[in-house]
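Please keep the sequence and the model in view while reading.

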Amino acid sequence: MTVQIFVPCFVDQLYPDVAFNMVKVLEKAGCTVQYNGNQTCCGQPAFNAGFHDEARAVCSKFLKDFEGAEYIVAPSASCVGFVRNYYQKLFENSSVHNEVKHLSDRTYELSEFLIKVLGKDDFGAKLQGKATYHDSCAALRECRIKQEPRQLLSKVKGLELVEMNDVETCCGFGGTFAVKFEPISVAMGDQKITNAANTEAQYLISTDMSCLMHLDGCIKNKGRNLKVLHLADVLANGWEE
């Protein structure tokens, strides 16, 4: 199976290892991975800021960059959720309406692609210790992803997964929300890491590095003994070469 990967701006600029680890996992799953170096952004930042015409221009480029791709896989539920739920609104009653609908049907977040399309959940990963999982709002509410990451983590040798209280509550990042409403954002982040720390976990895992960046800042500010990890980093960990 040939898979086109979409690497979000956030991952490309700040956490490139997440993208490389996603490629490792997909290749181990038997996929031929392709990367179009012309790709840029999915258009979400402009859309969320209210610049819909500008967003539409960026989204049109996304459509062109991934034209003909059988599957598009990204290590970000946030970007996938945007493509699925908002592209059709941006291009409603346009000449590319049907193309956009087809795009949303073949765009997947990593964990749901591994489980729902490939039907694989064990990649021989190893990580010794206790972890807790954070449901990002985009994964949970826009992509309906809940069990897939947990199923994958349950197969990681040496890893004990413990659920935190209020696991479905937002971490407070929300993109520009963290800038516009900093005190609220920080308070929500502090509550989330308190709940995570109360599980006595060593690792805090999620599908979205945007959430994890925000939470990592809260962790360091409070001096908590927690390490944030993207799901792809965990699945690519501990392999025997």
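This is a predicted model: local features need pLDDT of at least 70, side-chain atom pairs count only at pLDDT 80 or more; totals for chains, interfaces and linings use all residues.

Four strands make up an open sheet, and their order across it is E6-E5-E7-E8. The pairing is parallel. At the edges are strand E6, residues 157-161, and strand E8, residues 227-230, each of which pairs on one side only. From one strand to the next, the twist averages 35 degrees. Strands of a sheet are held in pairs by backbone hydrogen bonds, in either a parallel or an antiparallel sense. Strand E5, residues 126-133, pairs with E6 in the parallel sense over 4 bridges. Within this pairing, Gly129 has Leu159 of E6 as its bridge partner. A helix is also placed against the sheet: H12, residues 209-222, lies across strand E7 (203-206) and E8. Relative to E8, helix H12 runs at about 175 degrees.

Which residues have the most contacts inside the largest nonpolar core? They are Leu26, Phe113, Leu114, Leu159, Leu204 and Ile205, in a core of 56 residues. Leaving aside residues up to four places away in sequence, Ile205 touches a number of others, including Tyr133, Leu153, Leu159, Leu212 and Leu229. In soluble globular proteins, nonpolar side chains tend to be buried together.

Next, consider Ala19, which is found in helix H2, residues 16-28. Ala19 counts as buried because its relative accessibility is 9%, under the 20% cut-off. Its contacts, not counting residues up to four places away in sequence, are with Val7 and Val11. The C-alpha atoms of Ala19 and Pro75 are separated by 6.9 Å, although the two residues are 56 residues apart along the chain.

How many disulfides does a search of the whole structure find? It finds 0. A disulfide needs two cysteine sulfur atoms within 2.5 Å. For Cys41, the closest cysteine sulfur is that of Cys9, at 3.5 Å, so the two are too far apart for a bond. For Cys143, the closest is in Cys79, at 9.8 Å, which is also too far for a bond. Both residues count as buried: Cys41 has a relative accessibility of 16%, and Cys143 has a relative accessible area of 4%.

Methods: Residues are numbered from 1 along each chain as its sequence is written. Side-chain values use heavy atoms; hydrogens and water are left out. Buried means under 20% relative accessible area, exposed over 50%, partly exposed in between (1.4 Å probe, protein chains only). A nonpolar core is a set of buried Ala, Val, Leu, Ile, Met, Phe, Trp, Tyr and Cys residues joined through side-chain atoms within 4.5 Å. Contact means heavy atoms within 4.5 Å. Two strands pair if DSSP finds at least two bridges between them. Helices (H or I, at least four residues) and strands (E, at least two) are DSSP runs, numbered from the N terminus. Axes are lines fitted to C-alpha atoms, for helices over the stretch in contact, and angles run from 0 to 180 degrees between N-to-C directions.
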